4 protein chains.
Amino acid sequence: MNYKEILDRVMAVVKPEENIGHLANYIPELGKVNPNKLGVHLSTTNNFDLGIGDNLEKFSIQSISKVFAVCLAYKTMGEGIWKRVDVEPSGNPFNSLVQLEADKGIPRNPFINAGAIVICDILISHLEKPKEAFLNFVREISDNPELTFCQKIADSEKSVGYRNIALCNFIKSLGNIENEPEEVLDFYFCLCSLEMTCQELSKAFLFLANGGQKVSDKKVILTKRQTKRINALMQTCGFYDESGEFAFEVGLPGKSGVGGGIVAVFPNNYSIAVWSPMLNAKGNSYKGMMFLEQFTTETEASIF
Amino acid sequence: MNYKEILDRVMAVVKPEENIGHLANYIPELGKVNPNKLGVHLSTTNNFDLGIGDNLEKFSIQSISKVFAVCLAYKTMGEGIWKRVDVEPSGNPFNSLVQLEADKGIPRNPFINAGAIVICDILISHLEKPKEAFLNFVREISDNPELTFCQKIADSEKSVGYRNIALCNFIKSLGNIENEPEEVLDFYFCLCSLEMTCQELSKAFLFLANGGQKVSDKKVILTKRQTKRINALMQTCGFYDESGEFAFEVGLPGKSGVGGGIVAVFPNNYSIAVWSPMLNAKGNSYKGMMFLEQFTTETEASIF
Amino acid sequence: MNYKEILDRVMAVVKPEENIGHLANYIPELGKVNPNKLGVHLSTTNNFDLGIGDNLEKFSIQSISKVFAVCLAYKTMGEGIWKRVDVEPSGNPFNSLVQLEADKGIPRNPFINAGAIVICDILISHLEKPKEAFLNFVREISDNPELTFCQKIADSEKSVGYRNIALCNFIKSLGNIENEPEEVLDFYFCLCSLEMTCQELSKAFLFLANGGQKVSDKKVILTKRQTKRINALMQTCGFYDESGEFAFEVGLPGKSGVGGGIVAVFPNNYSIAVWSPMLNAKGNSYKGMMFLEQFTTETEASIF
Amino acid sequence: MNYKEILDRVMAVVKPEENIGHLANYIPELGKVNPNKLGVHLSTTNNFDLGIGDNLEKFSIQSISKVFAVCLAYKTMGEGIWKRVDVEPSGNPFNSLVQLEADKGIPRNPFINAGAIVICDILISHLEKPKEAFLNFVREISDNPELTFCQKIADSEKSVGYRNIALCNFIKSLGNIENEPEEVLDFYFCLCSLEMTCQELSKAFLFLANGGQKVSDKKVILTKRQTKRINALMQTCGFYDESGEFAFEVGLPGKSGVGGGIVAVFPNNYSIAVWSPMLNAKGNSYKGMMFLEQFTTETEASIF
């Protein structure tokens, strides 16, 4: 398969399309991004690596970070984490308190805000210096020792984060948060503020396309079984209220963020990261979805 | 891969396990089934065909029939069906009215009861003799011209079907049912009463593992793109409130029924049908889930 | 208190006001009513009786009938009825299925549709000829042996009554309906089709302002304690999602119907019936509410 | 009416009854109260004043304080407060977040926690020193210049107040809180910590039985119209999920608190305060409810 040709061809189609949607401007800092950015990067399990457009520019990965968090928690604690957070799609907007009340404090999955907050609580309870440990984990899987949080973004989110404060205190009142809400939220806002390029993201997710093992240095990050589970989870829950649509249109496990990034994984083949800041009504990158749909159509690649 | 050996080995493990759960005895006729039945049948895209246990015994396929219904509607009407029913997981017990009210009469997906009822309404509007047309469709894909509805089961369900009557009238009041509720429900109860063996089920689903084309006579049932979508839908929504768990444990698209049947599809490889009548708390076959989990572990087969 | 003068004065203010709102045209027959009708009738416990405007014209009393139904059930069965239906405000639009599911089939109160349907079921179980018995009861309390159902209205409601069919079957599935849904609904639609004038309505409610005893012939309909309870129920639940607003603005127990009628009771003083067909957004008569608010302001009459 | 005789008689019946229920021990300090306390105090509009049992002992009035808060806000801001908080019963447990989400941040009424928090926000925005102003208001209406907050109780509630923190931040995220959640909550916890005796409470509520005017010094606290509205509000919303039951059993406007206090008002007649710390399943004083039910039965006093 000539991936370069296909990337070029899809880019030529998607780039000039009208850029519909909105920026995630409820977070002040994210509202300042250039809406016309478009970058793509592909990394294959046989060590092929290729990007196009703004693939080397940093952006706020936001919720994509939740995949790193759950991988680190899974690696650290094993199957025990699934007692604190479920693995089912939520069927509701990503930050709804309603379902949480019905489910007695057990979030539906680790990719809705409630679930990621519980994962943060788990990491704080089990790691000595959780922020450092988290950074080290992401640096290792992306082979980039310089990745770091963006304090400005974290502060910006915190300044308007009333709903997440509500969520965390609500779960605490339901008994599923061990630490003080303030500490948990500080970690959570930090984690979402991570900035990466498409290239870095694509590389960081490659072990999930490779049975849990890094391609670069063969280091095992997760077991095969754990890897399969994380991929299944991204498939069913990775796109908020549009997970079914993504499975339907793209047919690969993946995760999106309100910064406009999307990463998808084709097991045994490749990982791919796309970035375009304008979001559709469900909060997923408009052109990112379009690019991946056409890319998987052209490559006839899909797990289904 | 020596499938026979693996089937034997998994059967040897699962068969003697304690048979936990309950029969679907809210439908009187289903409460009369022998709870210890266990059958499995596998059909591969390269024409290999193999069964074990009670694989040749008829059972009530119940909700598995919803896959046939949506395939026929998709084939008949094309993409238009997705205006009447969505493709997102429901995140709620399979027959909840709550979500339907929030979603204004558009069921979350065609595999919850509400969605299947809307699909029935679509089929009635577009087919001259919907019951016959439906039977002919299932007979064709299973290469068995003798398949038929079980009136006794249909009547049994109807006699206690107050919740489905409520559902159908509720959707009608919300404007998403075109025909008279009584006619729609009559078709719906019929459809769920279909009786098949594991062998027949496995064969009937094989085209979904083969890009939409039957293996036996090469006839095209659905396009590749349509097939991919149906598989994606089974992956995210096929197991009621346990779809995430199934993706997690088994890692294949599939569909279950309260009669104790489960069918799963491994694209480009095989379809497999399992039957064991005792259900877990979420309404899926207890030993069926166990069998498929161990089978996919042994074969290391999973789309993830 | 010179009631005649006050009625005249309030009428002079309310009559020329712009008539805002909509007819209950989801029931075809109710959409045909002259929207500018306005009638008022007052009956006092010391036998004073006075009307104004269209007070002698028949209209469809609709949900006001639910008060007669619960009075008859209470009289017939005593406190036992409160095991089948609760006495709490619903806090939700009057026909919502959501709350019913949460409350496991026990409707919040007898004045929401679900509750009135359960009351119908109770009456069918306990009375030999429920329709006749019901008519006889209303005829007796209104001293009018000619009151009767309007089959045309009943049929009109039935023809679009999918939501009530859904409700009744849903409650049946939750175990709180004893008879066949079809029979219960037939009775329910009949009951709502009752046609009365403001004068008849005002007279029929007078026993509730008189400790349970008719003023005309001293016949005891309900005990004092029962009467107090029905009044309390009308106070907290008589106006759908606007019960608090009515208590707030008018300060009397009462009941409204989508035909544009409202009846209110001032214990130990009077009952008053108002009719004006245009409804506000919550389904209560726009000018009816306005009239009662000004009337109680002028008379300085309120239970608070 | 010989109130003394009736109070004695009812006390003689209620006192020896088994004391069923639980203390509000989710607030540590409230769990330490002697569960067998029972006090009653009655104040009439013609200046009669009478108590029995532990009527002179201080207890934590908790939610009863919400009546003072809404009266002060109403007095200060007039009808404008009803744009920020509704006047409808909630139909749901008193601290549910679900309904708030559906109602877009406008709490159903000022007596659920969400509503009282919004009232606190209003008071902070409109009063220079809200805590002092609030204390002065309560001191004035109770003719007791020494009433004060209990810091120990306030701190105790704060230490476990995660759900209220969640509530306040949630409403802030929905746009209906103007000040910083921390400041609003500090005021809210303070307000709930007020300690009063039955005598003080009964006196403080007497103006609501007297058309808004104090009996002691004729000072007008609220207009007649405002007073009627507050009473209507207590009638429909004063007892959490048991407001209908209270209207049904007691038939007077009132307000309860989880400290075991209940105050009720009989317009133009009296106010009465009862205290007994053991709570029924809905969070209202078990013996308090029993006392008031029997008292209104004996006196045949009820607004209905």
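**A residue and the interface**

Mentor: Let us begin with one side chain: a polar atom of the side chain of Asn231(B) lies 3.0 Å from the backbone oxygen of Leu208(B). This is a predicted model, in which local features need pLDDT of at least 70 and side-chain atom pairs count only at pLDDT 80 or more, while totals for chains, interfaces and linings use all residues. Residues are numbered from 1 along each chain as its sequence is written, chains are lettered from A and ligands numbered from 1 in the order in which they are written, and side-chain values use heavy atoms, with hydrogens and water left out.

Trainee: Is Asn231(B) buried or exposed?

Mentor: Buried means under 20% relative accessible area, exposed over 50%, and partly exposed in between (1.4 Å probe, protein chains only). Asn231(B) counts as buried because its relative accessibility is 0%. Asn231(B) belongs to helix H10 of chain B, residues 224-237; helices (H or I, at least four residues) are DSSP runs numbered from the N terminus.

Trainee: With which residues is Asn231(B) in contact, leaving aside its neighbours within four places in sequence?

Mentor: Contact means heavy atoms within 4.5 Å. With those neighbours set aside, Asn231(B) touches Leu208(B), Pro253(B), Val265(B) and Pro267(B), and also Phe304(A).

Trainee: How many residues of each chain are in contact with the other chain?

Mentor: There are 36 residues of chain A in contact with 36 residues of chain B. The two chains bury about 2,800 Å² between them, 57% of it on carbon and sulfur atoms. Buried area is the accessible area (1.4 Å probe) that two parts lose on being put together, summed over both. Of the area that chain A buries against chain B, 30% is supplied by Lys228(A), Phe248(A) and Phe304(A), more than by any other three residues.

Trainee: How many salt bridges does the rule find across the interface?

Mentor: A salt bridge is a side-chain nitrogen of Lys or Arg within 4 Å of a carboxyl oxygen of Asp or Glu. The rule finds two across the interface of chain A and chain B. Glu249(A) forms a salt bridge with Arg229(B), with the closest N and O atoms 2.7 Å apart.

Note on methods
Helices (H or I, at least four residues) and strands (E, at least two) are DSSP runs, numbered from the N terminus. A polar contact is a pair of N or O atoms within 3.5 Å; within protein, one must be able to donate a hydrogen and the other to accept it, and residues adjacent in sequence count only if both atoms are side-chain atoms.
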